Amino acid sequence: MGMVKAVLEHPEDLIPLTKMMMTAEQIKRQIPPEPHWGFAYSMLQKVSRSFALVIQQLDADLRNAVCIFYLVLRALDTVEDDTSIPVDIKVPILLEFHKHIYDRDWHFSCGTNAYKVLMDKFHFISIAFLELGKSYQEAIEDVTLRMGAGMAKFMFKEVETVDDYDEYCHYVAGLVGLGLSKLFHASKLENVVPDFLSNSMGLFLQKTNIIRDFLEDINEMPKSRTFWPWQIWNKYANKLEDLKYEENSVKAVQCLNDMVTNALVHAEDCLKYLSNLKTHSIFRFCAIPQIMAIGTLALCYGNEEVFRGVVKMRRGLTARISDQTRSMADVYGAFYDFSSLLETKIDEKDPNAILTRKRVDAIKKACVSTGLLNKRGLYVVRKRAMYSSVLIMVVVLLLAIFSAAPLMKW
């Protein structure tokens, strides 16, 4: 019934949602026959369905490199995330992980569910890694080394200041942006990109995830994971976990808005990065997650539900963004629309209202100044097309057939 209700409320999502379901099924049928590549691509779908979809935008050679790059870093992240691993065991693994990717026999049991399978059978990832071109291998090794060292550093360092926060996000996500840019250049499809732009691409996504995942991280067992910087949350609570209690809702939302305002500072760099891409497939691969990020920030801003459960974009809108993002005009339009949505939620009594409005205005101005808003095909908010009830029911039945499992995990 949830799907029927969503389709009835947003009939404009019908066709994109159906296309996404069909694409997801098509991807499952295209898993390569070689055991190591089959494992890699099937695992990609299990640890991130959304990434498994956007990676299909890329040409085969680059797609393989990005797939393995993602899984290597996801495995590294699994080691860091597992709070049950003693620090004296975890730190050496983080520091040596860039060497393990060359070892066809190495594996380490940790994590849960699909992540445990990834770690138990990591030798398949190493085998696939060793089949990549040398320039791809060097880029992946370099980022893995630097990320592992950064993660190890933060085993003994709390995220206290905003500078600490930016540094941590650089290690776990900014380096992903740098690594992807290196892979794009190694493919000879893109030019060299300034590191600060690549870094901002990663920080924008990571900060969005950290904001959205507050409750999941604070409730992590056996030990909570805290990434919100003390310098920000200390203005609103004595302990970070206090923000999840309903009696502290006003201060919690103000802290949340402070965090969102901090993340918005990276948006203009992201627009610059995307505008410099030459290859359409790479552009779509990069642009779709960034639009999802600005959309998620707009949904989280001023939203008490961040402290009660999961706040995420509805599936149909996600499908529409994936289907209709085709040019920078679409990106500018989406950033403008989501920034405008966030702007309507700004409470002038919020301690950061002036700064939030300043950053939103800067994003909107950057989008308007291009003169491309009227050339877009993607509208986040638009007049709904008219669909007959019969058509709606037919599509709902199709969706039900394709959706034996949840569509996306982003």
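These legends walk you through several close-up views of one predicted model. Local features need pLDDT of at least 70 and side-chain atom pairs count only at pLDDT 80 or more, while totals for chains, interfaces and linings use all residues. Residues are numbered from 1 along each chain as its sequence is written, and side-chain values use heavy atoms, with hydrogens and water left out.

View 1. Welcome to the aromatic pairs: the whole structure has 16 of them. Rings of Phe, Tyr and Trp (its six-membered ring) pair if their centres lie within 6.5 Å; planes under 30 degrees apart are stacked, over 60 edge-to-face, and the rest tilted. For Phe51 and Phe285, the ring centres are 5.7 Å apart and the planes stand at 75 degrees, so this pair is edge-to-face. Helices (H or I, at least four residues) and strands (E, at least two) are DSSP runs, numbered from the N terminus. Phe51 is buried at 14% relative accessible area, and Phe285 is buried too, at 4%. Here buried means under 20% relative accessible area, exposed over 50%, and partly exposed in between (1.4 Å probe, protein chains only). Ring pairs also join Phe51, Tyr70, Phe184 and Phe285 into a cluster.

**View 2. Phe214 and Trp228 form a tilted pair.** Their ring centres lie 4.8 Å apart with planes at 55 degrees, so the pair counts as tilted. Phe214 sits in helix H12 (residues 214-218), whereas Trp228 is in the loop between H12 and helix H13 (230-233), 14 residues apart. Both Phe214 and Trp228 are buried.

**View 3. Phe227 sits in the loop between H12 and H13.** Is Phe227 buried or exposed? Phe227 is buried, with a relative accessible area of 12%. Leaving aside neighbours within four places in sequence, Phe227 is in contact (heavy atoms within 4.5 Å) with Val159, Tyr165, Tyr168, Ile210 and Asp217. From Phe227 to Glu158 the C-alpha to C-alpha distance is 8.4 Å, although they are 69 residues apart in sequence.

**View 4. Helices H7 and H8 cross.** Two packed helices are described by the angle between their axes and the distance between the axes. The axes of H7 (residues 113-120) and H8 (residues 122-129) come within 4 Å and cross at roughly 60 degrees. That makes H7 oblique to H8. Axes are lines fitted to C-alpha atoms, for helices over the stretch in contact, and angles run from 0 to 180 degrees between N-to-C directions. Angles under 35 degrees count as roughly parallel, over 145 as roughly antiparallel, 65 to 115 as roughly perpendicular and the rest as oblique. Leu118, Met119 and Asp120 of H7 meet Phe122, His123 and Ile125 of H8.

**View 5. Helix H15 has a set of buried residues.** In H15 (residues 267-275), these are Ala267, Asp269, Cys270, Leu271, Tyr273 and Leu274. Their cover includes helix H10 (162-186), helix H11 (195-212), helix H14 (249-264), H16, helix H18 (328-344) and helix H19 (353-368). Ser275, also found in H15, is partly exposed at 35% relative accessible area. Not counting residues up to four places away in sequence, Ser275 touches Met328 and Tyr332.
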